[in-house]
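Thanks, everyone. Please have a look at the model first.

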Amino acid sequence: RVSVLMEHPRDTVVRFMARIYKHQLTTTSGGNLSVLDTEQVVWITPKGTDKGAMKREDVCHRTPDGEWHGLAPSTEWPFHTRIYKTRDDVRAIIHAHSSALIAFSLVGRTPDTKVLFQAHHVCGTVGIAPYAIPGSEQLADNLSHAFASGVSCVIMANHGVVVVGESMDAAFERFETLEFAARAILCSRVLGPVCPLVKRHLDIITETLEATRAHVQEAESLEISYRTMISEEREKRKEVIAFVQRAYHQRITTCTSGSFSVRIGPGAFVITPAGVDCMTLDPDDLILVQLGCIPGEGQREPSARFPSHAVRIHLALYQAHPAIHAVIDAHPEHVSSFAIVHEDLNTRIIPESYIVLPRVVAFSVEDLTDPPRMASAFGERVHSALIRNMGVIVTGTSLLQAFDRLEVMEATAKVTLHARSLGCASLMTDENVEEIEEMFFNQKRRR
């Protein structure tokens, strides 16, 4: 991570453009990125360069005297420089042509980020700017006016999106999170109207997160002895990172959403930190939490990182169920579609879905205040849950099993949405389910 912190702006621009292109969030010719360094030099993607094969020497820059150096800059450099003048807190800008956000731009609407707490927390309210020809001063005027209101994300009518941040990491997190939320909203349209979080729900979630943060900060003041990480724990930490990054490459999570944890022996677990890009994680970043008590009353190892905001739910599950050895919470776009319309996910669609996930329970935002009660809903036949406007939780006797359940849950939601777009989807009959119960769960069929 030190190398990333000391990274030259050229390399930052190339690294994030490659990431955006790889995830099909822009096209070969579409979009542009820029970084404003501490010397007030703007580093930006060049005009007409292949976004999928950009090199560091392609990145051009503009010095404070207004002179450009290197290749010709992106045609849309005027709005980049104007935004930097308008907002002194901005140090990075992303403009891309991601499909879901373009869809919103075509109808002159912005995604309601309150459908998912993660989106609202990361992106805030989304602005909109009227159409103007690319590269024009009018477009620069429109965007600078929109960002002057303090928003961090702006939909460009009939064009795309612009996202800003205090760093490229922050801008990318917002961009990716907003695109995921937009996709979830689009997918949900076959189910029904979305149910955004209201102020009461936002207050409940915020208070829950603040209480968790206060507990962990109190724990940091406890005197804890350092220890050498045993080889088994080291391997578990590596396994967690491998699955976190696998989920990201599978587009099940965004770079900072969700959390993964795994049990370490009978009395502790390690969990991913909050707000850290999963592609920069290393084993030492994971945080050890002891099971003897709730965070704040117990101990965790000294760390500059803050554990995932879902740490108390993970803890409650491990305490209530010794057989659980892994927990994942995430916000996959198709499952999230069910969460934002408050519809249950029925797994009786194909044998695999029912065998892997016999029953998916649902929780409300209010349930977040009582993690032990949430944990009590899990059991021998319940390994997964939907949390309205939040996402999903899955458990397993191993990280592999939990991850498989997460993938099957997302696949189940996806095919259900596809089927609903075609017509009335049929479910397996009671007879079908009884046959599965008898064969796979050793349950005798009813006579």
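I start with D430, which is partly exposed because its relative accessibility is 47%. Buried here means under 20% relative accessible area, exposed over 50%, and partly exposed in between, with a 1.4 Å probe and protein chains only. Before going on, a note on the source: this is a predicted model, where local features need pLDDT of at least 70 and side-chain atom pairs count only at pLDDT 80 or more, while totals for chains, interfaces and linings use all residues. Residues are numbered from 1 along each chain as its sequence is written, and side-chain values use heavy atoms, with hydrogens and water left out.

The partner of D430 is R348, and the two form a salt bridge with the closest N and O atoms 2.7 Å apart. A salt bridge means a side-chain nitrogen of Lys or Arg within 4 Å of a carboxyl oxygen of Asp or Glu. R348 sits in the loop between α11 and α12 (351–356), D430 in helix α15 (residues 430–440), and the pair links parts of the chain 82 residues apart. Helices are DSSP runs of H or I with at least four residues, strands are runs of E with at least two, and both are numbered from the N terminus. R348 is also partly exposed, at 23% relative accessibility.

How many salt bridges does the structure hold? There are 20. One of them joins R82 and D141, with 2.3 Å between the closest N and O atoms. R82 belongs to helix α3 (residues 77–86) and D141 to helix α6 (residues 137–147), so this pair ties together parts 59 residues apart in sequence. R82 is partly exposed at 22%, and D141 is partly exposed at 33%. A network of salt bridges links R82, E137 and D141.

Another salt bridge is between R183 and E333, at 3.3 Å from N to O. Both R183 and E333 are buried.

Now the helix pair. Helix α9 (residues 231–249) packs against helix α14 (residues 399–422) at an angle of about 15°, with the axes 11 Å apart. The axes are lines fitted to C-alpha atoms over the stretch in contact, and angles run from 0 to 180 degrees between N-to-C directions. On the α9 side the contact (heavy atoms within 4.5 Å) involves E239, V240, F243, R246 and A247, which meet L399, L400 and F403 in α14. Those residues divide into six nonpolar, no polar and two charged; Ala, Val, Leu, Ile, Met, Phe, Trp, Tyr, Cys and Pro count as nonpolar, Asp, Glu, Lys and Arg as charged, and the others, Gly among them, as polar.
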